[in-house]
Structure formats: C-alpha cells, structure tokens
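Hi,

Here is the structure I promised to pass on. Have a look at it first, and then read my notes below.

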Amino acid sequence: EEMERGASLYAWGSGAQGQLGVNDQLDYNLPRIVEGFNEEIEQIAGGTSHSLAVTTSGKLFVFGNNEDHQCGLDSATKYYLVPTPLVVNDLDNSSALKFTQVSGGWNHSLALTESGQVYGWGSSKFYQLELIANNTIPIPTPIITNEKVKLVSCGMRHSAILTHSGDVLTTGYGKFGQLGHNSKQDSKQFTKISYFTNQNIKCTDVSCGSKHTICVTDQFHVYSFGDNTFGQLGFELTQPSDNKNAAKNVKQKRKDMSVLEPRRIESLVEEKIGVETVRCGWSFSVVVDRDGNVYSFGRGNYGQLGTGENWNKSKPIRVVFKGEGDKVEEVKVTEVACGSEHILLLSQKGDLWTWGWNEHGNLGTGDKVDGVVPVRLSCLE
C-alpha cells in the first residue's frame with residue numbers, strides 16, 4: 001500500500017488493544033497512517049497498551065486500552081477500548097489548558113502543561129500517581145502543585161518528575177530500589193531523591209524503565225538505580241560475600257540485583273563520554289552523548305542493544321550504524337524512544353533507525369524477525 005505523503009502520524013506493531021489508533025485490533029508490521037489529526041503532532045508516547053499524542057496547540061489525544069482509565073476518558077465502561085484518537089479534557093474541562101509532554105506506564109499516564117503543572121490519570125494501585133482514593137484517577141487531575149516541572153516519566157509501576165531546578169522526585173512501587181530513596185519501600189507521594197539534593201547534584205534528564213530509573217546531570221554524568229538483573233544500570237554489581245548462601249538458586253541471586261540509591265556509571269566518566277539524553281526500555285537502557293552518538297546496555301535477548309548479538313551487556317557499548325554494503329555510517333542522533341524491548345531513533349539527517357524485539361511488527365520493517373543491528377526504516381523516506 002502506498003502511503004499518503006505529509007500525514008501527521010504513523011503507527012505500527014501490536015494493535016490488540018487499539019493502541020495503534022487505526023480503528024481495529026490488528027498487528028501491523030509496516031507503518032499505518034493514524035487519521036483524526038488536523039494539526040501537527042508535537043510529541044507522542046506509548047504505554048503498555050495505550051498511546052498518547054500532544055499537538056502543537058497543546059491538545060492531548062489518546063487511544064488504546066482504557067480499562068484502568070489510563071486514557072483519561074471519564075468512563076472506563078463506555079471507553080473500555082479506544083480504537084481511534086480522542087481528545088482528552090482536563091478536570092475543569094478547560095480548553096485553555098496546554099499540554100507539552102506526556103508519558104505512559106503499564107496502566108497510568110502523566111502529562112505536563114506549559115506552566116509546569118503535572119497531571120496524572122489511570123491506576124495508582126502502587127502509588128504511581130501518589131496515594132489516591134479507590135487507587136484510580138479517571139481523568140487528568142493535578143497531582144504536583146508546589147514544583148515547576150520540566151519533564152515527566154512513567155515506569156511500569158513507578159513515576160519520576162524532573163523540576164526546573166534540577167531535582168528528581170519519584171513515587172510508586174519501590175521493591176527494586178527504582179525510586180532511589182535507599183529503600184525497597186513503596187512511596188505514596190512524589191519525594192525528592194535526597195542523594196542528589198545532599199550532594200547538590202542537578203539533573204537535566206530522567207527516564208524510567210520497568211524496574212529501574214536513570215538520570216543525567218548538568219555535568220553530563222549518568223546515575224542509575226533500581227533492578228540490575230540484566231545490567232540495565234550500566235555497571236556490574238559485586239555480590240556480597242556469603243559462603244553459606246553461595247550456592248543458592250538464581251531466584252535468590254536476582255533478589256540481590258538491586259541498587260537502592262543513585263550510582264554513577266563510572267565507565268562513561270573514564271572514557272570521557274558526556275551524556276545529554278537517556279531513555280529506558282523495560283530492561284535495557286540507551287544514552288546519547290553530546291556528539292549524537294548512542295550507547296546501549298542491559299538486556300539483549302531480542303537484539304535490543306543493536307550490537308549484532310543477543311547477549312546482555314552491563315557496560316555501555318557504542319552502537320554502530322551500517323548502510324548498504326555493510327559500510328559504516330556516521331549517524332548523529334537527535335531523538336530517541338524505547339518501547340518495552342525495541343528502539344526507534346531519529347538522526348540529524350532525518351533518517352529513522354530501529355532495532356530489537358519484533359514479534360508484533362514493532363520495527364515496521366515489513367516482517368516479524370527481531371533486529372539485532374540498526375536498520376534504516378526506508379518505507380517512511
């Protein structure tokens with residue numbers, strides 16, 4: 001099918017819950033046009049089975065699974081599944097509200113307004129939207145009122161926000177240390193990470209994985225915390241010495257693969273790699289340096305590290321891009337996004353590259369074979 005030129009939004013991959021916005025529940029392994037937008041899209045985000053899009057005028061569109069109100073539409077029974085984009089209204093039904101950024105978790109959503117106000121909706125069973133009556137927020141509702149916020153990020157069952165003053169606050173599920181509060185306890189409200197404030201470290205970016213969180217500082221250093229089972233924190237963990245329990249099974253060992261407060265990725269410092277951007281998949285991570293180079297680490301079983309292998313890596317490794325004839329290309333990255341176990345990035349030249357898990361056509365390459373190295377998505381050229 002020849003695609004219409006100039007369409008605002010394309011979607012592909014799993015569509016079982018209507019999250020592609022193309023009015024069906026099918027998977028597509030090639031990009032499909034998403035209808036219903038009469039203005040340009042500013043930013044898009046995907047949760048586990050719902051999608052969010054913000055337009056240049058600040059309107060918020062949602063589509064996909066709304067079982068737990070993660071689409072922010074008033075009635076979960078009427079809108080149990082949203083197969084085409086619908087506009088979301090805020091609590092006051094005010095058209096003056098202008099959204100600028102969105103993020104989706106397993107079944108919750110966060111959005112940021114032009115004034116730095118955070119809105120949240122969906123499930124808060126694990127306090128990912130703070131302590132809420134009935135564990136659910138059915139429509140976008142203000143949840144942070146005393147901080148001017150720059151960025152929001154949703155993990156599977158936890159959330160993080162970055163303020164304009166450089167503080168990072170987290171809330172929600174904390175069993176793996178992903179909140180960074182030197183504890184495995186859940187947090188019932190957004191709380192500043194004291195490690196950063198105590199050392200006067202200012203952050204410029206934050207991203208949540210399923211059970212881990214990574215921050216970038218104004219010194220271009222990277223700090224990570226949470227689950228490190230697959231090396232997704234960017235370093236190896238030295239297990240505590242315990243001869244009696246040395247032969248315990250893998251499950252016991254995995255319980256200890258947690259980092260409870262921010263720890264700097266020293267290999268990036270040693271190699272003088274200054275990082276500007278971080279994005280986390282479910283169990284892998286990607287950072288982009290000041291020159292637009294990409295480094296990946298963590299789980300690699302689906303090829304999500306882009307190294308040509310299916311191995312986990314605990315040390316950040318630079319991703320190499322190759323074009324026709326296996327010729328290495330100079331690719332400077334300007335935008336990057338991670339799905340659960342796949343990645344999309346936009347280059348300075350306007351090329352879209354992708355790799356990783358492809359069971360549902362997530363890569364948009366026309367097949368369902370996992371991609372272990374970066375592939376240019378030529379169908380959108």
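**Notes on the strands**

In β9, the residue that bridges to A111 is Y119. Before going further: this is a predicted model, so to speak of local features I need pLDDT of at least 70, and side-chain atom pairs count only at pLDDT 80 or more, while totals for chains, interfaces and linings use all residues. Residues are numbered from 1 along each chain as its sequence is written, and side-chain values use heavy atoms, with hydrogens and water left out.

Strands here are DSSP runs of E with at least two residues, numbered from the N terminus, and two of them pair if DSSP finds at least two bridges between them.

Back to β8, residues 108-113. Six of its six residues are buried (under 20% relative accessible area, 1.4 Å probe, protein chains only). H108, L110 and L112 point one way, and S109, A111 and T113 the other.

β8 runs antiparallel to β9 (residues 118-123), with five bridges joining them. Three residues link β7 to β8 in a hairpin.

Further along, there is an open sheet of four strands, ordered β11-β12-β13-β14 and paired antiparallel. β11 (149-154) and β14 (187-192) are at the edges with a single partner strand each, so one side of each has no neighbour in the sheet. β11 pairs with β12 (residues 158-163) over five bridges, and V149 has T163 as its bridge partner there.

Cheers

Note on methods. Buried means under 20% relative accessible area, exposed over 50%, partly exposed in between (1.4 Å probe, protein chains only).
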